[in-house]
Amino acid sequence: MTVKLATDRRLANAPGHEADSPKKQRSQTGLRLFAGSANRKLAEAVCASLGTELGDATVDQFADGETCVKINENIRGTDIFIFQPTFPPATNLMELLVMIDAARRASAGRVTAVIPYFGYQRQDRKDQPRVPITAKLVANLITTAGADRVMAMDLHSAQIQGFFDIPFDHLYAAPVLVDYYLHLKIPNLIAVAPDIGSVKMARAYAKRLSVGLAIVDKRRPSPDAVEMMNVIGDVDGKNVVIFDDVVSTGSTLVEAAEALKRAGARDIYAACTHAVLCGDAVERIARSSVRELIVTDSIPHDPKRLGQSIKVHSVAGLLAEAIRRIHDEESLSSLFI
């Protein structure tokens, strides 16, 4: 036995002999993507882009409302991606945690949580006395559940990446949104940040579109109320496109559009990655000065409810490419160029 082991070591070190690398081993074990109930349509589109089928898993609830998950196939040693945005209700977050735990206990080789929309992301700091940092709490829950890696898109604050002690891939919907406006070829265009916190993102869009940048100074007297003050930059006689990460009640977007109109802007367009659209947000936007709002399918919506002023563009191809690169141990950097 000693001689055989020594011989095996010599063979492994011999020229021309390549030991199985982690990348090769992972490719051999394959990639499987499982989805919760939050956005199965997008998950299926991602699988179609990857050329694979959605993993077989039962995601349901008991009569008392508790989340119940069962993975119906062998995933031992497999590279697993759990696809689940965590917008309200909280059941979506619970499904993600339970599915991660199920995959870990089924001896998955690696578990990556794919979260197109990261819920609770706007609670990322203590801006008042005696309030929680809920985004950090959610990060701890995902890590404790057993995720090895996390992928999310267009976080409200980039600092959330630092809440995780595991690798975090932050994707941007910019390639999808920028391509749309490049094809429109809107003359005399300028990019607008609806508040100070969105300046960095809007500047990146302005650079990609090769246009100027303006900023709307926003003050928020209460969590769901917005009071617009001043427009910083020249928008008089120009077509504008407002870029933001989340549209929830629509207050920021609508008030920004009105402020831009008062400043002399012509046609007003808007683009937002995550369309939460609470309450009467759709109706408010339809009645506003916004000519057209472009959103992604990170959060599912009935097209009939959105009407003609809100159009949905899919990020399935972008997510699929990121998943493929993670699986093949390739760089994601070129997706951000």
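What follows is a chat about the labels used for this model.

Tutor: Some ground rules. This is a predicted model, where local features need pLDDT of at least 70 and side-chain atom pairs count only at pLDDT 80 or more, while totals for chains, interfaces and linings use all residues. Residues are numbered from 1 along each chain as its sequence is written, and side-chain values use heavy atoms, with hydrogens and water left out.

Student: How many helices and strands are there in the chain?

Tutor: Eleven helices and 14 strands. Helices are DSSP runs of H or I with at least four residues, strands are runs of E with at least two, and the numbering starts at the N terminus.

Student: What makes Asp124 count as buried?

Tutor: Buried means under 20% relative accessible area, exposed means over 50%, and partly exposed is in between, using a 1.4 Å probe and protein chains only. Asp124 has 5% relative accessibility, so it counts as buried. You'll find Asp124 in the loop between S5 and helix H5 (134–145). Across the chain of 337 residues, 49% count as buried.

Student: Which residues does Asp124 touch?

Tutor: Leaving out residues up to four places away in sequence, Asp124 touches Ile133, Ala135, Ser157, Gln159, Ile160 and Phe163. Contact here means heavy atoms within 4.5 Å.

Student: Why is Ser107 called partly exposed?

Tutor: Its relative accessible area is 29%, so Ser107 is partly exposed. Ser107 sits in the loop between H4 and strand S5 (110–115). Ser107 also has a positive phi of about 65°, although it is not a glycine.

Student: How do you know that the buried residues of H3 are on the same side?

Tutor: The buried residues of H3 (residues 40–50) are Leu42, Ala43, Val46 and Cys47. They cover an arc of only 140° around the axis, so they are on the same side of H3. That arc is taken from the directions from the helix axis to the C-beta atoms. The face turned away from the buried side carries the exposed residues Lys41 and Ala48.

Student: What do the buried residues of H3 pack against?

Tutor: Strand S1 (31–35), S4 and helix H11 (316–327).

Student: Why is H3 called oblique to H11?

Tutor: The axes of H3 and H11 come within 8 Å and cross at roughly 60°. Angles under 35 degrees count as roughly parallel, over 145 as roughly antiparallel, 65 to 115 as roughly perpendicular, and the rest as oblique. That angle therefore makes H3 oblique to H11. The contact is made by Leu42, Ala45, Val46, Ser49 and Leu50 of H3 and by Ala316, Gly317, Leu319, Ala320, Ile323 and Arg324 of H11.

Note on methods: Axes are lines fitted to C-alpha atoms, for helices over the stretch in contact, and angles run from 0 to 180 degrees between N-to-C directions.
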